[in-house]
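Let's take a friendly walk through a protein structure together. Have a look at it first, and then we will go through it step by step.

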Amino acid sequence: MLEDGIPDAAYKPLTGDHKATAKRCKKLNQEVRDRGQGSLALDTLDQEGLMPAMKPLALKFARLRTLGEDTVGEVKAKATRFRDLAQTPDVQRVRAAADLYVAAFLLPKTDAAPVPTTNEL
């Protein structure tokens, strides 16, 4: 999803949105995708211009579930490993891209708000 950019459904007017502004946002985003800017990676790119691989990140988080939680020490160790993993550049890049993706759906589509297109985000 993140690599495909913002879908047209993000521009469906919600309560309080201006229909004309939502329509304009949708059109602008379509133009951006047509020009080839179809990824939410933006400043979250690695040096090769790619999003981090999701499967290795998911496996690292899955391994946390196997750690014990029977003692205070085990809980502290698990919390430390989670915090360290969450602060890695790859996880931060993915989190930023996911936040931008969701923001496109929830940002107000009014004349006073920024145009939330794939390119602008």
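This is a predicted model: local features need pLDDT of at least 70, side-chain atom pairs count only at pLDDT 80 or more; totals for chains, interfaces and linings use all residues.

Which residue does the ring of Phe82 pair with? Its partner is Phe61: the two ring centres lie 5.9 Å apart and the planes meet at 65°. Planes over 60 degrees apart count as edge-to-face, so that is the name for this pair. Phe61 is itself partly exposed, at a relative accessible area of 26%. Now trace the chain between them: Phe61 sits in helix α2 and Phe82 in helix α3 (residues 72-86), 21 residues apart, so the pair links distant parts of the chain.

Phe61 also leads us to another meeting place. Helix α2 (residues 54-64) packs with helix α4 (residues 89-106) at an angle of about 110°, their axes being 11 Å apart. This makes the two helices, α2 and α4, roughly perpendicular. On the α2 side, Met54, Leu57 and Phe61 make the contact, while α4 brings Asp90, Val91 and Val94. Of these contact residues, five are nonpolar, one is charged and none is polar.

Stay with α4 for one last stop. Because they are four residues apart in helix α4, about one helical turn separates Tyr101 and Phe105. Is Tyr101 buried or exposed? Tyr101 is buried, with a relative accessible area of 12%, whereas Phe105 is partly exposed, at 26%.

Methods:
Residues are numbered from 1 along each chain as its sequence is written. Side-chain values use heavy atoms; hydrogens and water are left out. Axes are lines fitted to C-alpha atoms, for helices over the stretch in contact, and angles run from 0 to 180 degrees between N-to-C directions. Angles under 35 degrees count as roughly parallel, over 145 as roughly antiparallel, 65 to 115 as roughly perpendicular and the rest as oblique. Contact means heavy atoms within 4.5 Å. Ala, Val, Leu, Ile, Met, Phe, Trp, Tyr, Cys and Pro count as nonpolar, Asp, Glu, Lys and Arg as charged, and the others, Gly among them, as polar. Rings of Phe, Tyr and Trp (its six-membered ring) pair if their centres lie within 6.5 Å; planes under 30 degrees apart count as stacked, over 60 as edge-to-face and the rest as tilted. Buried means under 20% relative accessible area, exposed over 50%, partly exposed in between (1.4 Å probe, protein chains only).
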